[in-house]
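Here is a short tour of one structure for you to follow along with.

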Amino acid sequence: MLALLTRLVFYVHSPRVLHGRLMVDGRTNGWMDEAPVEAMDAHRGSAEVQAKGCRVLEHMVSNAETRPRVVVGGGIKSVVAAMNAQRRSNEVQQWACLALKSITSAGATSQLLALRSFSTEEIREKVVGCGGVEALVAAIHEHLGDRLVLERACSALADLATTAATRQRVVDCGGVEALVAAMHAVRNIDSVYNEDCRAIDKEGCRAIDVIFSWGAQNTPLLLAAGVVEAVENAFGSCDEDESPYFRKLYDRLVAQRDYYGLFNLFPWSSPSKMFYTQISSDYQHA
């Protein structure tokens, strides 16, 4: 099984031959950690090499034994570089977004913490430091017709948004607008709403929820980005068991929008601003 692949061998540095010979044997030791990173760095112009390298790195992330090596061996940086070099390649973006999704997930970071002295915050800060947020945002906007890219990128952004140290970077780099764009776009792909679409809505709402709950200063941006409409669409399409969560989030956003609109009718004086901020905080943490 691909999830159990444990050794990568690059025989030559020709992109054509490299793509053909990028392979893994069935043994359980001897990972050549530098192979995918070096090959990807040497052949940024080859979409085939970048896609296969991202795929191998993603499988390394999925393996508890090799996961820390991706972090310390430059794997995150190589994945982000591949996304920037091959922005129009669906395959590269699909595997790269999956790799970032895997490395930022709570399960992966907790295992990293157990194996090495990495905290969840440190791993996600490494992704942000390598330009991961910008690459994920660009992937969404460039591939609004690709469900896999949208779901994986939204999931990674949602994970980054749940960490205080990286949350504001998601907002500042256009992450909210990208999430809303993905949630709208998913309804226009083949006019079919399936599990991938539902996952995009769920991850988008998860990110919006945490940004809304822990950043009163971001409220105007959230409302301007159209989060109320996006969450309303998600609520209308969700399963019955998910309905209470979506409904609560939607109601909180609507209440916030109404209060924000009300206080915009009055001069933005210090007393009214203080009162609005308190009301805002109460509804965000409801």
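Does Q94 count as buried or exposed? At 17% relative accessibility, Q94 counts as buried (buried means under 20% relative accessible area, exposed over 50%, partly exposed in between, with a 1.4 Å probe and protein chains only). Before going further, please note that this is a predicted model, in which local features need pLDDT of at least 70 and side-chain atom pairs count only at pLDDT 80 or more, while totals for chains, interfaces and linings use all residues. Residues are numbered from 1 along each chain as its sequence is written, and side-chain values use heavy atoms, leaving out hydrogens and water.

**Around Q94**

Q94 sits in helix α6. Leaving aside residues up to four places away in sequence, Q94 touches D146, L148, V149 and R152 (contact means heavy atoms within 4.5 Å). With D146, the side chain of Q94 makes a polar contact of 2.8 Å; such a contact is a pair of N or O atoms within 3.5 Å, where within protein one must be able to donate a hydrogen and the other to accept it, and residues adjacent in sequence count only if both atoms are side-chain atoms. Q94 and E151 are 57 residues apart in sequence, and their C-alpha atoms lie 9.4 Å apart in space.

**Two helix pairs**

Helices here (H or I, at least four residues) and strands (E, at least two) are DSSP runs numbered from the N terminus. Axes are lines fitted to C-alpha atoms, for helices over the stretch in contact, and angles run from 0 to 180 degrees between N-to-C directions.

| Helix pair | Angle | Axis distance |
|---|---|---|
| α3 (residues 47–61) and α5 (residues 75–85) | about 145° | 10 Å |
| α5 and α6 (residues 90–104) | roughly 150° | within 9 Å |

In the pairing of α3 with α5, Q50, C54 and L57 of α3 meet G75, V79 and A82 of α5. These residues divide into 4 nonpolar, 2 polar and no charged (Ala, Val, Leu, Ile, Met, Phe, Trp, Tyr, Cys and Pro count as nonpolar, Asp, Glu, Lys and Arg as charged, and the others, Gly among them, as polar).

On the α6 side, α5 contributes I76, V79, V80, A82 and M83, which meet V92, Q93, A96, C97, A99, L100 and I103. That contact has 11 nonpolar, 1 polar and no charged residues.

**The whole chain**

The chain holds 17 helices and 2 strands. Of its 286 residues, 50% count as buried.
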